[in-house]
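My entries follow in the order I made them.

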Amino acid sequence: MRGVWEPSFVRSPAKINLTLAVGPRRLDGYHDLESIVALLDFGDEVSAMPRDDGRIVIECDTPGVPTDDTNLAAKAAHALREHAKLRDGVTIRLTKRIPSGAGLGGGSSNAATTLMLLRDLWKLPLKRDQLAAIAATIGSDVALFLYGPLCAMRGRGELVEPLSVSLVASAVLVMPQIHSATAAVYRQFDEMPAPPKPESAASLVARLSRPNASFPAGPRQLLGEDFMPATFNDLESSAFAATPALGEFAARLREATGHAFRMTGSGAAFFHLFGKYHDRRELDRIAAAAKNLGATAVVIQPVH
Ligand code: C5P
């Protein structure tokens, strides 16, 4: 007999690309990337509950989120079940806060969280690297959500290396009501002049990381206020060309807040990093100015 099983929700974080260097289109149609990615204290929640009929069912109340097998969480469940040669059914419930088409990796994060949840639910002896191989078959940036909170991403996004530095920052995350289509942004990128070759992620991290003040021999830190000027995104001008409303929004955001925001991934969300102890009231004022433009905005200020 199955025991009583309470669905427990686990966090499925959003990501931002602090840097994103994009190379030319490869023969397989993808682009080689180099990116420093941070997982945020903001995101969705996912729960998994076993079911007896052998079906994989997605439940989500957010309009526009597919609940069929095209949902990346469903793809993750099918891929893991096939890998493990199981027939178990499961209901995966998604509570969404990350908008789609935002460059925050919401669908990919849900897929990675589903892989970890089902590995535990089905008691599969799979290591993280084995899950990462399955993740790479679901989407380019699924694997990175198995690592974090700060990592370097290469290849088409599937090669992930956790960084031994931490990001010490507050952030304002702004999500306009604009959808940016990843494939269209990359197509536009192919039409535009190649961006200048940026500093490698490794040398950027080495140049900007600081010893931890209280433990000089301990882990190094990237400070939000130091790192912001070093952020870049090679897809920004392509995304603005593919969706002109996005470029117009970025200009209005700068004007309304007095800060230059950086786009994440292929858009449409933007972020700005501040010091960890930056005045909360000012961060709230910046978020309120972004909301006045019709966007959703959140202040992310870690408490630890
Ligand atoms: O792998 P994923 O489905 O997330 O990618 C969506 C689309 O984004 C791809 O079909 C491709 O057009 C583009 N892409 C790319 N290079 C990458 C990642 C994605 O060209 N590294």
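**Entry 1: strand pairing.** Before I looked at strands, I noted the rule: two strands pair if DSSP finds at least two bridges between them. I also noted that the model is predicted. I then looked up strand 2 and strand 5, and they pair in the antiparallel sense over 4 bridges.

Entry 2: I looked up strand 6, residues 159–162, and found 4 bridges that join it to strand 5, with the two running antiparallel. Here Arg154 stands opposite Leu159 in strand 6. Strand 5 and strand 6 form a hairpin, and 4 residues lie between them. In that turn, Gly155 has a positive phi of about 65°.

**Entry 3: burial of strand 5.** Why is strand 5 largely enclosed by the rest of the structure? I checked its residues, 150–154, and 4 of the 5 are buried, so the strand is largely enclosed. For this step I used the cut-off that buried means under 20% relative accessible area.

**Entry 4: the ligand.** Which residues surround the ligand? I listed Gly29, Tyr30, His31, Leu33, Ser140, Arg156, Thr182, Ala183 and Tyr186. Next I looked up distances. A side-chain N or O atom of His31 is 2.7 Å from an oxygen atom of the ligand. For the side chain of Ser140, the distance from an N or O atom to a ligand oxygen atom is 2.6 Å. Arg156 takes part through its backbone, where an N or O atom lies 3.0 Å from a nitrogen atom of the ligand.

**Entry 5: the largest pocket.** I looked up the largest pocket and found about 1100 Å³ of space in it. Its lining has 48 residues, and those nearest the centre are Leu72, Ser108, Asp141, Thr182 and Ser266. Thr182 was already in my notes as one of the residues that surround the ligand. Elements that each supply at least two lining residues are strand 1 (10–25), strand 2 (31–51), helix 1 (72–84), helix 2 (106–121) and helix 4 (182–191). I sorted the lining by class and got 18 nonpolar, 23 polar and 7 charged residues.

**Entry 6: the second largest pocket.** How much space lies in the second largest pocket? I noted about 490 Å³. It is lined by 20 residues, and Leu39, Asp41, Pro149, Leu167 and Pro302 are the closest to its centre. Strand 1, strand 2, strand 7 (165–168) and strand 8 (170–175) each give at least two residues to this lining. Strand 2 gives the most, with 4 residues. By class, I recorded 14 nonpolar, 3 polar and 3 charged residues.

**Entry 7: the cavity.** I asked how many cavities of 30 Å³ or more the structure holds. It holds 1. The largest cavity has a volume of about 30 Å³. Its lining is made of Thr19, Ala21, Glu34, Ile36, Glu199, Ser200, Ala201, Leu204 and Phe232. Strand 1, strand 2 and helix 5 (201–208) are the elements that give two or more residues to that lining. The classes came out as 5 nonpolar, 2 polar and 2 charged.

How values were computed:
Residues numbered from 1 in each chain as written. Predicted model: local features only at pLDDT ≥ 70, side-chain atom pairs only at ≥ 80, totals over all residues. Heavy atoms only, no water. 1 Å grid on protein atoms, 1.4 Å probe; cavity = no way out; pocket = protein on both sides within 12 Å on 5 of 7 lines; lining within 4 Å. Points joined across faces, edges and corners; volume = space filled by probe spheres on them. Nonpolar A, V, L, I, M, F, W, Y, C, P; charged D, E, K, R; others polar. Buried < 20%, exposed > 50% of the residue type's maximum accessible area, 1.4 Å probe, protein only. Near = heavy atom within 4 Å. Polar contact = N/O pair within 3.5 Å; in protein donor to acceptor, adjacent residues only side chain to side chain.
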